[in-house]
Amino acid sequence: MTIEARIAAAVQAAISDLYGQSVAPAAVQLGATKKEFEGHLTLVVFPFLRASRKSPEQTAGEIGAYLTNHLPDVVARYNVIKGFLNIVVAGQAWLDLLADIDAQEHYGFTPVAADAPLVMIEYSSPNTNKPLHLGHVRNNLLGWALAQVMQATGHRVVKTNIVNDRGIHICKSMLAWLKWGNGATPESTGKKGDHLIGDYYVAFDRHYREELRRLHDAYVAEGLSDDEAQQRAEHDSPLMQEARQMLVRWEQGDTEVRQLWQRMNSWVYAGFDATYRALGVSFDKIYYESQTYLEGKATVLEGLDRGLFSRRTDGSVWADLRAEGLDEKLLLRADGTSVYMTQDIGTAKLRFQDYPIDQMIYVVGNEQNYHFQVLSILLDRLGFRWGRSLVHFSYGMVELPNGKMKSREGTVVDADDLIAKMVADASDMSRDKVNRLDDVSPEEAAEIARKVGLGALKYFILKVDARKNMLFNPEESIDFNGNTGPFIQYTYARIRSILRKATEADMVAIAAGKAQSGAQPDEAETALIQRLSTFGTTLRQAAADYNVSVIANYCYDLARDYNAFYHDHPIIRLDDDATRRLRLRLSRSVAKVLALGCGLLGIEMPERM
């Protein structure tokens with residue numbers, strides 16, 4: 001039981017014994033004591049005044065006296081500031097807690113029971129007409145980290161992906177390859193498959209724009225207004241008509257089109273897999289829109305038969321959501337083709353058949369807030385028990401110093417290029433550190449650079465509250481000082497270096513539980529132990545709020561506090577055996593918690609930097 005839990009239980013007992021009243025656990029509000037006051041934990045006593053029928057100061061004093069009498073091994077002394085009881089925790093209690101932290105391999109984690117709630121988390125959701133870009137990087141990192149956090153807090157987790165592998169955008173890339181590809185393949189060009197297909201998506205858009213300009217100018221010359229000429233050009237574009245015809249052939253199962261589609265998609269999937277491996281993300285199950293949209297159509301038609309939806313005179317199918325304060329939503333077009341909502345319904349149906357889902361979390365940008373509001377209502381109406389409780393993990397866009405990204409114009413920040421640049425920058429910075437890595441092999445130096453570069457990228461993205469838009473600046477992210485991934489990694493590597501220098505006798509004593517005999521933690525050591533003690537609470541907060549940034553910032557705070565401690569407290573050269581071993585155990589525990597916290601974010605910790 002944690003120190004906070006023991007004190008909270010004793011407070012409940014105090015209210016019962018002193019005032020003959022019972023209080024709910026939620027009424028016991030304990031928090032860290034403000035720095036200007038003596039104490040480690042502060043109890044808010046105002047919720048107990050109705051039971052005590054005394055002043056805040058008197059109530060706090062009576063509870064404080066009760067705690068020191070009934071919990072002397074934890075509560076050393078107390079002081080009262082108005083309606084707040086400041087509690088000084090006994091030094092031995094902190095030492096016992098440190099021993100507990102040091103002994104637990106996954107301190108702060110909640111074991112996953114066989115009957116724990118099953119959470120499915122969807123992230124990535126790429127299109128097969130272009131490679132992954134910076135926006136996808138944020139999506140993947142958020143989704144993967146959220147999955148790790150949910151599992152660390154006792155949930156069963158299924159990580160899933162829905163690949164948008166059909167539609168007009170796919171046909172654009174296919175048509176461009178047929179027209180201008182000259183049979184190019186990843187092998188013949190030396191390009192990753194997703195990059196190759198993305199080039200043809202950009203090529204289609206370039207030729208299409210040129211075609212529109214020619215048609216527009218011709219129609220203006222015929223006397224049409226600028227707007228009329230533009231609309232007619234878009235309608236008459238031969239290139240776009242070919243793409244639409246290819247889509248029709250695809251939906252009709254045309255053998256030639258389907259074979260080309262399968263071949264080009266295989267190139268893209270190989271490219272995606274390489275990027276996912278580089279990012280360190282993975283999935284338990286991948287769904288494909290080409291396999292789910294028909295399920296969606298069938299489910300909508302079933303709902304139509306049950307009177308849940310309505311068909312208009314043109315044959316289109318709609319959901320009336322006006323009773324929920326929304327509008328009417330198109331589910332099937334007049335020609336029977338599906339929309340994105342239909343595909344999401346079909347995917348949900350298949351997932352519900354595959355897994356006993358208790359909660360569904362969609363990691364999708366905030367431009368889709370309305371879409372998921374509607375999807376939740378429709379799934380609930382169709383009978384999916386988790387429909388109403390689905391969570392849209394809505395995140396802001398990644399912005400760049402030079403503006404927004406545009407896939408069709410080829411101006412996105414490519415994920416593979418970004419990863420390579422971050423690793424290269426980390427390698428350059430490591431070489432700038434005098435004698436820092438002179439005694440390691442080139443292979444080990446390259447591996448350290450990879451961990452540091454990717455750690456910088458992941459931390460910079462994940463430290464920001466996902467709900468906010470963010471400005472990505474690679475130069476700021478790679479800094480070894482300040483609130484960055486490399487700063488935290490360097491702190492970890494520093495501790496590992498200290499532990500390597502420790503004597504065998506010290507480490508044997510720590511392992512035997514004799515690390516702290518005769519030692520008493522000072523103020524700085526106590527503050528570090530208290531910081532460590534909040535790791536589990538931080539994890540639970542991150543899971544409850546769907547906010548992984550609190551873990552990133554916890555790791556930074558812990559690393560910052562340790563570095564301040566290290567600056568003022570000698571460890572290896574300390575003559576006092578008990579204090580030296582206490583500090584070694586404290587250092588080892590800090591390193592472990594940093595590794596656990598960063599591990600949830602996908603950040604690997606180098607042993608040396």
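**Cysteines and their setting**

Cys-555 is buried, its relative accessible area being 0%, where buried stands for under 20% relative accessible area, exposed for over 50% and partly exposed for what lies in between, with a 1.4 Å probe and protein chains only. The closest cysteine sulfur to that of Cys-555 belongs to Cys-598 and lies 4.1 Å away, which is too far for a bond, given that a disulfide is taken as a pair of cysteine sulfur atoms within 2.5 Å. Searching the whole structure accordingly gives zero disulfides. Cys-171 is buried as well, with a relative accessible area of 2%.

This is a predicted model, in which local features need pLDDT of at least 70 and side-chain atom pairs count only at pLDDT 80 or more, while totals for chains, interfaces and linings use all residues. Residues are numbered from 1 along each chain as its sequence is written, and side-chain values use heavy atoms, with hydrogens and water left out.

As for the setting, 53% of the 609 residues of the protein chain count as buried. The protein chain has 23 helices and 14 strands, which are DSSP runs numbered from the N terminus (helices H or I, at least four residues; strands E, at least two). Of its contacts (heavy atoms within 4.5 Å) between residues at least 6 apart in sequence, 75% join residues at least 24 apart. The C-alpha atoms fill a box of roughly 95 × 65 × 45 Å along the principal axes.
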